[in-house]
There are 2 protein chains.
Amino acid sequence: MAPKPKRKVTNLLALAVLSYLVREPMHPYELSRALRDNGDARSVKFNHGSLYMVVGQLAKAGLITEAGTSRDGGRPERTVYELTDAGRTELRNWMRDLIGHPEHEYPHFVAALSLIGVLPPDEVVELLGQRRVRLDALKAEARAAIESAGEVHPLFLVEEEYRLALLDAESRFIEGFVDRIVDPVDGWGPAWAAFHTERRRT
Amino acid sequence: MAPKPKRKVTNLLALAVLSYLVREPMHPYELSRALRDNGDARSVKFNHGSLYMVVGQLAKAGLITEAGTSRDGGRPERTVYELTDAGRTELRNWMRDLIGHPEHEYPHFVAALSLIGVLPPDEVVELLGQRRVRLDALKAEARAAIESAGEVHPLFLVEEEYRLALLDAESRFIEGFVDRIVDPVDGWGPAWAAFHTERRRT
DNA sequence: TCTATCATGTAACCAGTTACATGATTTT
DNA sequence: AAAATCATGTAACTGGTTACATGATAGA
């Protein structure tokens, strides 16, 4: 059994930080700016507080080090960090791992589906309808992200393409699910409704 | 702007707990058992410690209450919990929300894709090949979960069907991605490789 | 009977989020 | 020059995970 290479830092925000520092040293605020401006915040959960935490963790783990401080006008001093060699290899290994090895994850919708029986079928059908229109909105967002990027190489937008593909698949899945519920000849609706009212205690 | 109905408990494990308690009162260990045995652990991140935590939170939030204690042989006493009315409505509202409103989530693979440029294209192609193989394994797992369930109504396996649909979509997306990289006439490979070696500092 | 595993719970630790703090600019 | 917003960071809190603890049963 291959012994899992335990990472010292697991927050994916750290991965993004490493990927910026591989190009040039920066201070946290600059990182913050870069992450927001390049739309990475759509792919990696970002928040101001976590960034400082993650930078601290990376430093403690020896993946980055202080490369001095800079001052700009009357602003407070800012610590500039740079990647260490360990950081460079960690970046590569981590990326390899993420790309090569899909993980079992726990999206919210999966959890809800696994408990779907607690709602009555007619309500579920209606809710699934709502979901599909919102999914369309999310698709529009992804497309907008792609459009608004302008001239950058499409390589840098694959994650949005991927999102689109998944949103699309989800939408089609829901369509099929609804069909199976409402099918007039052998739809699940009646059995489900019966089971639902029978089992509920109220 | 509709004021988000802030939940007191957000861990989805709590949702699963509510969904069991709606049927009958149980003590935590029983819940633990039920969650594992019914395969809910595949859909909701589960671990022993978190369960007790979540039960505590639910109790503090008034969504469940102690319904007494039970003793079985020489075993320690176990506190049995039951749903309150608040708990019942919370369960329904939460489910409605999850089904009706898709959330922007942050799967690991999306993060990796958004930073894919840090790896050279030939390596990425190979890794994507590996990933597809493992995706097939995950699909097999989902199918196995479906098969092994035997005679239960397919409604209770819909989350595995959903999983399958997404895994499939991901696999097809990767196929297309690889094609765009390696296409001999206008593939991204060469430009990517050039850009990659140019920009790296080593 | 000794050991391993199950049953059940608690406590210590760590990661992540929210809230706060403060000086610098910009706007009115 | 007052108010608002930006720039930058820290600290307190809370949620979640891991590790530990302990008695009970079952297998060797």
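Predicted model: local features only at pLDDT ≥ 70, side-chain atom pairs only at ≥ 80, totals over all residues.
Visitor: Why is the pair of A:Tyr162 and B:Phe109 called edge-to-face?
Guide: Planes under 30 degrees apart count as stacked, over 60 as edge-to-face and the rest as tilted. Here the planes stand at 90 degrees, and the centres are 5.1 Å apart. So the pair is edge-to-face.

Visitor: What makes this pair cross between chains?
Guide: A:Tyr162 sits in helix H7 (residues 158-182) of chain A, and B:Phe109 in helix H5 (residues 108-114) of chain B. Helices are DSSP runs (H or I, at least four residues), numbered from the N terminus. Both A:Tyr162 and B:Phe109 are buried.

Visitor: Why does A:Arg7 count as buried?
Guide: Buried means under 20% relative accessible area, exposed over 50%, partly exposed in between (1.4 Å probe, protein chains only). A:Arg7 has 19%, so it counts as buried. It lies in the segment before helix H1 (12-21) of chain A.

Visitor: What makes A:Arg7 and A:Glu90 a polar contact?
Guide: A polar contact is a pair of N or O atoms within 3.5 Å; within protein, one must be able to donate a hydrogen and the other to accept it, and residues adjacent in sequence count only if both atoms are side-chain atoms. The side chains of A:Arg7 and A:Glu90 are joined at 3.1 Å. Those of A:Arg7 and A:Asp97 are joined at 3.3 Å.

Visitor: Which residues have the most contacts inside the largest nonpolar core?
Guide: They are A:Phe177 and B:Phe177, in a core of 114 residues. Such a core is a set of buried Ala, Val, Leu, Ile, Met, Phe, Trp, Tyr and Cys residues joined through side-chain atoms within 4.5 Å.

Visitor: How do you know that the two copies are related as by a two-fold rotation axis?
Guide: Chain A can be laid on chain B by a turn of 180 degrees and a shift of 0.0 Å along the axis, with an RMSD of 0.1 Å. The copies are therefore related as by a two-fold rotation axis. The superposition is by least squares on C-alpha atoms of residues with pLDDT of at least 70 in both.

Terms used. Residues numbered from 1 in each chain as written. Chains lettered and ligands numbered in written order. Heavy atoms only, no water. Helix = DSSP H or I, 4+ residues; strand = E, 2+ residues; numbered from the N terminus. Phe/Tyr/Trp six-rings, centres within 6.5 Å; stacked < 30°, edge-to-face > 60°.
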